[in-house]
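Have a look at the model first, then read on.

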Amino acid sequence: MTAAVRMVELWRGGLPESSHSGHAVICDETGAIVESWGDPGAVIFPRSSCKMLQALPLVESGAADAAGLRPAQLALSCASHQGAALHVDTVRAWMEGLGLAEADLRCGSHEPSDRTERDRLIRAGDEPCQYHNNCSGKHAGFLTYSRHVKAGPEYVEIDHPLQRAIRAAFEEVTGEASPGWGVDGCSAPNFATTVHGLARAMASFATATGTGDARDRAAHRLTRAMAEFPELVGGEGRACTELMRAMGGRVTIKTGAEAVFVAIVPERRMGIALKIIDGNSRASEAAIAALLVRLGVLDPAHPAARRRLAAVQRNWRGIETGEIRLAEGFPGA
């Protein structure tokens, strides 16, 4: 087993203060490793970075078409959104179109990350509901599939037909049997895989043309929906949204909790997966930006890239106190 490599550092006063190590893999269209850092065989939970894999049964089964889902809804099925009005209203309309209610969701509720919506709730004296959950779009997709196949309402249970379909699709595109699973923050099962397996899955999405079998068509539709609606995948100020906009819809990226990040790069027919082992998202955002620059699909001078690659830290008085840097030896340093 290869040790994680140092990827990102925080410097203060001209001295290194913190460092973040991780594993990363770039795969080609065959699933072979083009480049890697750390241990490609490190087993990780992909968390929300694999939502496009979890959405494959929704599209492959015909459930999405039967429900008349549009690209915006497919993007939301892969999203970790901010809980802004745009996200909440779109998921609510989707659920109502299915004849379902907020109570049918199994993701739980939490305060929205979107400040405008959070402040609106406070002023109105309202509590956040499950539509505000960052995974509510994914769960609306889960319910769409479950209704289509006439399965039971407890769709997050590991033996539910939906979760069996997700596991089968997950293992097929990663090319690996999952060694286990854990419960995600939204209560759904999250299947483990290696960093190489996750990158291999992203490469399979990158090579999808939309003209092949059901898996190819599903992967292509989900990839293009995310790239077309980056504001639905994350939200304003989020790395996923800003970096996809910076690349003009040419690349699809997705973060996951505990500092996982993936990228689907169709023009290079490549996939990327990375994991920062201490779970720090400032490091995973810098690392994915560096790898996208390395592949020539992200302009390092773009403001969205610079905010991750040369991020200046300031204190409450606006005084510059430090900066995020790529570690020596990591691409772009």
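Q: Where does R47 sit, and what stands out about its phi?
A: This is a predicted model, and in it R47 is found in the loop between β4 (43–44) and α1 (51–54). Its phi is near 50 degrees, a positive value in a residue other than glycine.

Q: Why is R47 called partly exposed?
A: Its relative accessible area is 22%. Buried means under 20% and exposed means over 50%, so R47, with 22%, counts as partly exposed.

Q: What makes R269 partly exposed, and where is it?
A: R269 has a relative accessible area of 34%. That value falls between the 20% and 50% cut-offs, so the label is partly exposed. Its place is the loop between β9 (260–265) and β10 (270–276). Phi of R269 is near 55 degrees, again a positive value in a residue other than glycine.

Q: Is K150 buried or exposed, and how do you know?
A: K150 has a relative accessible area of 76%. Exposed means over 50%, so K150 is exposed. You'll find K150 in the loop between α7 (136–148) and α8 (161–174). Coming just after α7, K150 takes a positive phi of about 60 degrees.

Q: How far is K150 from Q54, in sequence and in space?
A: In sequence they are 96 residues apart. In space, their C-alpha atoms are 18 Å apart.

Q: How do you know that the span of α7 agrees with the helix rule?
A: Helix α7 has 13 residues, and at 1.5 Å a residue they should span 18 Å. The end C-alpha atoms of α7 are 18 Å apart, so the two agree.

Q: What makes α7 mostly covered?
A: Count its residues: 11 of the 13 are buried. Among them are G137, H139, F142, L143 and Y145.

Q: What covers the buried residues of α7?
A: The cover includes α1, α2 (56–60), α3 (63–66), α4 (71–77), α5 (85–97) and α8.

Q: How does the reach of α9 compare with what is expected?
A: Helix α9 (residues 195–206) has 12 residues. From its first C-alpha to its last, α9 reaches 17 Å, close to the 16 Å expected at 1.5 Å a residue.

Q: Why is α9 called mostly covered?
A: In α9, 10 of the 12 residues are buried. They include V195, H196, L198, M202 and F205.

Q: What makes the chain's radius of gyration fit a compact globule?
A: For 333 residues, a compact globule would have a radius of gyration near 20 Å. The chain has 19 Å, so the value agrees with the rule. Along the principal axes, the C-alpha atoms fill a box of roughly 60 × 50 × 35 Å.

Q: How many helices and strands are in the chain, and what share of its residues count as buried?
A: The chain has 14 helices and 12 strands. Of its 333 residues, 53% count as buried.

Q: What share of the contacts join residues at least 24 apart?
A: Among contacts between residues at least 6 apart in sequence, 62% do.

Q: What can be said about the surface and the charges?
A: The accessible surface comes to about 13600 Å², and 49% of that belongs to carbon and sulfur atoms. The chain has 36 positive and 39 negative charges, and their mean positions are 3 Å apart.

Methods
Residues are numbered from 1 along each chain as its sequence is written. This is a predicted model: local features need pLDDT of at least 70, side-chain atom pairs count only at pLDDT 80 or more; totals for chains, interfaces and linings use all residues. Side-chain values use heavy atoms; hydrogens and water are left out. Helices (H or I, at least four residues) and strands (E, at least two) are DSSP runs, numbered from the N terminus. The radius of gyration is taken over C-alpha atoms; the globule rule is 2.2 Å times the number of residues to the power 0.38. Buried means under 20% relative accessible area, exposed over 50%, partly exposed in between (1.4 Å probe, protein chains only). Contact means heavy atoms within 4.5 Å. Accessible areas come from the Shrake-Rupley method with a 1.4 Å probe; for residues, only the protein chains shown count as cover. Lys and Arg count as positive and Asp and Glu as negative; His and the chain ends are not counted. The place of a charge is taken as NZ of Lys, CZ of Arg, CG of Asp or CD of Glu. The expected span of a helix is 1.5 Å times one less than its number of residues.
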